[in-house]
Amino acid sequence: MQVSRMVHAIKMGWIQPRRPRDPTPSFYDLWAQEDPNAVLGRHKMHVPAPKLALPGHAESYNPPPEYLLGEEERAAWEQQEPSERKLSFLPRKFPSLRAVPAYGHFIQERFERCLDLYLCPRQRKMRVNVDPEDLIPKLPWPRDLQPFPRCQALVYRGHSDLVRCLSVSPGGQWLASGSDDGSLRLWEVATARCVRTVPVRGVVRSVAWNPNPTVCLVAVAVEDSVLLLNPALGDRLVAGGTDKLLSAFIPPEEPALQPACWLEASEEERQVGLRLRICHGKPVTQVTWHGRGDYLAVVLATQGHAQVLIHQLSRRRSQSPFRRSHGQVQRVAFHPSRPFLLVASQRSIRLYHLLRQELTKKLMPNCKWVSSLAVHPAGDNVICGSYDSKLVWFDLDLSTKPYRVLRHHKKALRAVAFHPRYPLFASGSDDGSIIVCHGMVYNDLLQNPLLVPVKVLKGHTLTRDLGVLDVIFHPTQPWVFSSGADGTIRLFS
């Protein structure tokens, strides 16, 4: 029965007992079938083989005369690098095809062709059509972010050399400026009138007005000393109370060893306004006050752990808070509300807890050389400027890496500043411009700060390749002061 079924199937053609063999070889060319109906063509990611360039007239055994190189062209071709030559061979003319010799680079070119086939990309990159406008973040218009400084209002003239530093009194009525001409000048902000000139006989590196409104004191860094001046401006009761506060100090019976020496001013110096002199023995580059007005930090141009000193005014004590050095210190700043001290070296910013005496955080600005530092009034954000024309914004709650890097200036940044009340910050650079930005910090921790550049202010002329040396905001108004190498101070309102 089984045999009869098989015979019947053979008769009907369902079974072929001897299938004819296919004479064609059982291999296929990987790159031959490129029509869409082929096996490879049905794959979506199939990439056809790169085609060989067709030979031109120069590759003929009998090329036209204009394709043959002359003596000068041949010499220039031989002097070129193989990768720079337009042709990899010299066109030659033969009387017949039989006279053409073997091609020396034949095997090399076949090998490179095989490499082209072998290394051909097997994946097709799909192009993504993205509208460029969608990539730009939607920022508000500057006119919606007013008020901010927009134009130059006043120019304070009087210094004969570059003005390095500025400081505004807590009430915003007076302005102190230090210059390389060896003088400290006190100005009335509203009228640009120089009220007093104090000769200090040295280059003024830094000026800081005491932020406590009940104390009338200005700290001035001159060479290796910090001078504490009572300018006696404004309320006479405040000026008199400051003198009483300083004179009420009773020196201890056994003076302790200190890294700095506190000296009372002589009678002649008191006539000028000088009250105390703190001598360090090393050049002072910066002086800054704590928010309460009793402590001040000083940066010295020296090596080692004694680069930063903290002085207490009421007890006339000095101390070095660090035991070892982490590079050359550029700037220091007190935290506005917590017992923190920010120390900026050339490549990093360290945040120290003064009560616990420990390192809390290390910020990496990714700059070659940090030049300036400012802390937001709320205390959770820090900006720093650098000599490689970067302004770096840090969110202390977010990360130790920069939240945003702004590259708006063309040259080195010399100063950065936050406004105490308005959401504004500014930066001054050697390109002679001040860039004012809107920097809104929200109370909601889930919302990132909004940074929008709103205005470029110009007015200073470049002198000795230096532009704006210091920038500071008015304490209550949306005004910004700038000092430049041209010896002028400008108020933008």
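Visitor: Over how many bridges do strands β7 and β8 pair?
Guide: This is a predicted model: local features need pLDDT of at least 70, side-chain atom pairs count only at pLDDT 80 or more, and totals for chains, interfaces and linings use all residues. Residues are numbered from 1 along each chain as its sequence is written, and side-chain values use heavy atoms, leaving out hydrogens and water. Strands (E, at least two residues) and helices (H or I, at least four) are DSSP runs numbered from the N terminus, and two strands pair if DSSP finds at least two bridges between them. Strand β7 (residues 218-222) pairs with β8 in the antiparallel sense, and the count of bridges is five.

Visitor: Which residue in the turn of the β7-β8 hairpin has a positive phi?
Guide: Two residues lie between β7 and β8 in this hairpin. A phi of about 50° belongs to one residue in the turn, Glu-223.

Visitor: Which residue of β8 stands opposite Val-218?
Guide: β7 and β8 pair in the antiparallel sense. Val-218 stands opposite Leu-229.

Visitor: Which residue in β10 is the bridge partner of Ser-225?
Guide: β8 also pairs with strand β10 (residues 274-279), in the antiparallel sense over five bridges. The β10 partner of Ser-225 is Cys-279.

Visitor: How many of the residues of strand β8 are buried?
Guide: Buried means under 20% relative accessible area, exposed over 50%, and partly exposed in between (1.4 Å probe, protein chains only). In a regular strand, side chains alternate between the two faces of the sheet. On β8, Ser-225, Leu-227 and Leu-229 are buried on one side, and Val-226 and Leu-228 on the other. Strand β8 (residues 225-229) is therefore largely enclosed by the rest of the structure, with a buried count of five of the five.

Visitor: Within what arc do the buried residues of α5 fall?
Guide: Ala-239, Thr-242 and Leu-246 are buried in α5. Seen down the axis, the buried residues line one face of the helix, because their arc (taken from the directions from the axis to the C-beta atoms) is 55°.

Visitor: Which residue caps the N-terminal end of α5?
Guide: A polar contact is a pair of N or O atoms within 3.5 Å; within protein, one must be able to donate a hydrogen and the other to accept it, and residues adjacent in sequence count only if both atoms are side-chain atoms. Here a side-chain oxygen lies 3.0 Å from the backbone nitrogen of Leu-237. That oxygen belongs to the capping residue, Asp-235.
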